[in-house]
Every structure is written in C-alpha cells, then in structure tokens.
Amino acid sequence: MSLTVTMPQLGETVTEGTILSWAKQIGDSVVEDEVLVEISTDKVDTEMPSPASGVVTEILVAAGETVEVGTPIAVIGESMEAATPAPAPAPAPAPEPAPAPEPAPAPAPAPAPAPAPAPAPPPAPAQVAETPASVASMGPTGTPAMGPTGTPSDSAVAARPKPAAPTPSGSRRAVLSPVVRRLAAEHNVDLDLVTGTGDGGRITRKDVERHVAAAPDQPQSQAAPAAAPAPATASAPASEPASAPVQTESVPATKTRPADAQTPPAATTVTITTGAGEEVSELPRLRRTIAEHMIRAKQTAAHVWTSVEVDYERVEQARRAQREQFKADEGFSLTYLPFIARATMDALAAFPVVNSSLDLEAGTRIDHKAVHLGIAVDLASQGLLVATVRDADGQTLKRLARNIRTMAVKTRDGDVTPDEISGSTFTITNPGPFGSFMSAPIINLPNVAILSTDTIAKRPAVVSLPDGNDTIAVRHIGYLGLTWDHRAFDGSTAVLFLDRIRTNLETWDWDQELR
C-alpha cells in the first residue's frame with residue numbers, strides 16, 4: 001500500500017515551502033524518520049523525515065519548486081514492484097481509441113458526390129472577405145483553408161488546435177505548482193507559450209518569471225505574424241483586414257501589461273544598464289523573501305512613526321553595579337536590551353491593543369493573551385530574522401536576558417526551527433549597537449507595532465535637583481521609536497505606550513529587578 005507525502009505545515013504562519021533537494025530518489029529505500037527531503041519554509045531550511053518505511057516510487061515536485069502546504073510531493077510504496085502496476089493501467093485506455101466504429105462512417109464518402117455542386121465555393125470567398133474573423137481561418141499562404149464542404153468555418157475549427165500543439169512537450173509539463181499558476185494568473189501569462197526547463201519539460205516559477213521579464217518584447221513579435229496574413233488578403237477589401245488584425249493583436253497587449261504591472265512594476269519595467277567591471281549575481285533566497293515580506297507589510301499596514309527620548313541613567317547605574325557578577329553567572333554581557341524588553345512587557349499589559357493583530361477581511365481584531373516577543377537578529381549583514389521568545393510577559397529581567405541571548409545565538413547559527421521564527425505578537429529591533437540615532441522600522445506582520453532601540457550615548461541634559469533647582473549633567477540618553485499600524489489604534493495610544501516604557505526605564509529599581 002502506498003503513502004502520499006505532502007508538504008508539511010512547518011510553522012504556524014507557513015503557507016508554502018520550496019523543495020531544496022531530495023535525499024532519496026525514485027527507487028531508493030527509505031526508513032521511517034530517515035531524511036527524505038530538504039525544504040525551505042519562509043526563511044529557514046529544514047530536513048523533513050520520511051513518515052513511513054518503504055521505497056520512493058514517485059517524486060511529484062522537483063527540486064527548486066515552491067508549493068503550498070498540503071500539496072502532494074512524493075509517494076512511498078512497499079516496493080518498486082508494487083508501483084509498476086500503476087503505469088500498466090495506462091495502456092488500458094489505448095484500446096479505447098481503437099474502436100473501429102469510426103471507419104464505419106465510411107458511408108460518409110457517399111456524400112462526396114455532393115462536390116458536384118462546385119459552384120457553391122464562389123460565394124463563400126465573398127463572405128470570408130467581409131468578416132475580419134476570417135483571418136483566423138487562413139492557411140499558411142494567407143488563403144482560406146477550405147473543407148470538403150467549401151465552408152471556411154470547418155477549416156477554422158481544424159486550425160485552432162494547432163497553436164496549442166506545443167503543449168504536450170512532456171507528461172510533467174501539465175503538473176503545475178500553485179505558485180506557477182498564481183504567477184501566470186497575476187501576469188496574464190499563456191502557459192502554452194512558456195518553455196519549461198523543469199523535469200520532463202515542467203514549467204517552473206523561474207520559467208514564468210523569465211517569460212514575464214521578456215514580455216515587453218512579446219507584443220512586437222506577436223504583432224508581426226498578425227500583420228503577415230493581412231497583405232495576403234489584400235485582394236479583397238484589404239484596407240479593413242489590414243488594420244483590424246493589427247488593432248486586435250497589439251492594442252490589448254500594450255494596454256494589459258501596464259495594468260498588470262501594478263503587481264511588481266519594477267521587476268518588469270525597470271531597465272538596469274551594467275558598465276565595465278560590474279558584476280551581476282542572483283539575489284539570495286533569504287534576501288528575496290525579506291523583500292517580499294517588507295513590500296507586503298508596507299502595502300498592508302498604515303505605517304506611522306513616533307519616538308521619545310529616554311534617560312537611561314538608572315539603568316546604566318544598575319548595569320555597572322551588576323556587570324561583573326552577571327557575566328560570571330550567565331556567561332554573557334548584560335546589555336540594555338533586556339531592560340527595555342522588561343519595561344515593554346509592563347507597557348503591553350497596560351495597552352493590550354498594541355499586542356494585537358487585525359483581520360480586516362473578517363472585520364475582527366485578535367487581542368493576544370500572551371506576549372510572544374519577536375527579536376530581530378542580524379545575520380552578519382546577510383539578512384534579518386525575527387526570533388520569537390514565547391510568553392515573554394511572564395519572565396523576569398534575568399530570564400528575558402537569557403532567552404533573548406539563546407534565541408539570537410540559535411538564529412545566527414542556523415539552528416532555529418520554523419516555529420521559533422514565527423508567531424510573534426510584538427517585535428523589538430535593536431540597531432543601537434550599530435550606531436543608529438533614530439530608526440523607523442517596517443512592521444513585522446501580523447504585528448501592529450514594532451519598537452526600535454537606538455544608540456545610547458552620554459549627552460548633556462538638564463536635571464532637576466532634589467531642592468527644585470536645575471543643573472546640567474552628563475547622562476546616558478537614547479531614543480525609542482515605535483512604528484505602529486494606524487488601522488489598529490491612534491496616536492494617543494502610541495505616545496502613552498512609549499511614555500509608559502520611558503517612565504519604567506527612568507524610575508524602576510533595577511537593582512531589585514536583577515536580584
């Protein structure tokens with residue numbers, strides 16, 4: 001008995017996956033829990049174990065293809081012998097075309113004497129020339145392809161299937177992934193015109209993208225054959241057919257392209273000229289995924305940015321006092337980030353709408369009961385992943401520091417699972433260590449806000465003394481920036497939320513928090 005393996009849901013928000021490589025090929029034996037295939041989901045590469053023992057009898061999705069969760073990707077049978085009978089039924093249909101009843105219509109030649117009334121053809125050309133549709137029934141020489149009855153409509157019907165003939169370039173060509181179908185629909189691509197480079201002539205996503213990129217050149221190549229038949233029909237009212245085909249072929253082509261261009265206009269319309277010594281390299285998959293997410297976030301959420309200045313002097317004093325002991329106990333340095341995260345957890349409890357998600361199509365808002373804190377982690381300037389610290393709202397400062405550090409190390413080492421980089425309800429990005437002054441990050445959907453922590457530096461500041469007088473003192477000053485979704489809440493909530501974080505950082509007893 002065979003088992004169909006499907007694309008797994010490797011994460012809460014994962015909707016599709018890309019086959020990176022097959023560890024087993026057709027005919028290979030596989031043991032349950034042995035690695036079967038390597039899959040890339042969103043931004044993480046994962047090895048998928050085989051759900052059963054047996055023999056790989058079919059691979060339904062080639063390496064490099066992206067398919068939706070639940071799509072069949074392979075078949076595991078008990079043995080190759082068990083799989084061979086499957087192709088056997090295929091010949092069974094062969095007898096069906098064999099039905100000799102079709103020769104039986106031999107009496108049909110009897111009506112052949114009907115050609116005796118040959119005078120009938122003369123009126124037919126006159127009708128053909130009157131309608132521009134007759135161009136579709138023209139033969140290669142530009143003359144109407146007449147059938148046995150002398151009517152062009154029969155030849156037109158016979159001629160139409162011929163352009164579709166290139167389709168059967170292989171049995172795998174007809175198997176299209178959801179991504180290929182979606183791309184073709186978005187760009188109005190006729191898949192019969194796309195050359196498949198996948199297994200058995202299968203059309204891949206790159207094939208469609210290449211076809212779309214070359215689309216600006218297509219209208220010209222299509223218009224040329226359309227105009228060619230026109231001169232051949234010039235013997236009749238040539239002026240009408242000559243202009244009509246050109247309009248019906250070229251005008252729609254030039255008008256539908258810009259309309260579709262609103263999907264990714266830059267990809268199809270921008271031309272980049274390379275100069276001497278310049279290199280062209282393929283964009284890494286992680287970079288492409290980040291780009292898609294960022295564009296979708298900007299197009300979806302109503303981005304607004306608000307910032308506040310924070311005096312971190314009390315935090316700095318606690319860090320200085322506890323720095324050595326903390327490093328000895330935990331094995332890593334105590335940074336400002338755990339303090340900010342701890343103060344933020346309190347603010348999210350006071351303003352739960354900031355820890356929510358929107359579903360405008362359903363007309364609902366989801367108020368999350370727990371805070372799953374997303375921490376943006378830089379991968380040596382090669383990309384950015386958001387690692388998730390689960391249930392961060394119930395953690396002490398020390399535990400937050402420990403878990404943030406653990407997730408950052410796992411992410412940089414590539415040891416995270418899809419669930420560990422998904423499911424966040426609120427995100428913090430920390431460009432401060434790189435020297436940023438103020439940052440306005442893009443919201444990490446489906447979150448409705450993201451907090452940016454920028455560089456903390458010594459600056460002169462006005463300080464109120466206990467006696468009520470003011471003085472100038474050197475303080476550790478930094479800025480917090482909040483990018484928030486105006487669809488979820490308004491500016492007053494954003495400012496009050498930031499002020500709550502600032503107040504916590506400036507007034508809490510942090511020595512007590514570190515004990």
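Among contacts (heavy atoms within 4.5 Å) in the protein between residues at least 6 apart in sequence, 62% join residues at least 24 apart. The model is predicted, and local features need pLDDT of at least 70, side-chain atom pairs count only at pLDDT 80 or more, and totals for chains, interfaces and linings use all residues. Residues are numbered from 1 along each chain as its sequence is written, and side-chain values use heavy atoms, with hydrogens and water left out.

The protein contains 15 helices and 17 strands, which are DSSP runs numbered from the N terminus (helices: H or I, at least four residues; strands: E, at least two). Of its 515 residues, 38% are buried, that is, under 20% relative accessible area with a 1.4 Å probe, protein chains only.

A nonpolar core is a set of buried Ala, Val, Leu, Ile, Met, Phe, Trp, Tyr and Cys residues joined through side-chain atoms within 4.5 Å. The largest such core has 57 residues, of which Phe426, Leu480 and Leu505 touch the most other members. Helix 12 (residues 337-350) gives the most to this core, namely 8 residues. Beyond its neighbours within four places in sequence, Leu505 contacts residues including Phe339, Ile340, Ala343, Leu480 and Trp510. A second, separate core of 16 residues includes Val5, Ile19, Val37 and Val67.

Four strands form an open sheet in the order 5-4-2-7, with antiparallel pairing; strands pair if DSSP finds at least two bridges between them. Strand 5 (44-49) and strand 7 (66-68) stand at the edges, each with a single partner strand, so one side of each lacks a neighbour in the sheet. Strand 4 (residues 35-41) pairs with strand 5 in the antiparallel sense over 6 bridges. Aspartate 45 in strand 5 is the bridge partner of serine 40.

Methods
Buried < 20%, exposed > 50% of the residue type's maximum accessible area, 1.4 Å probe, protein only.
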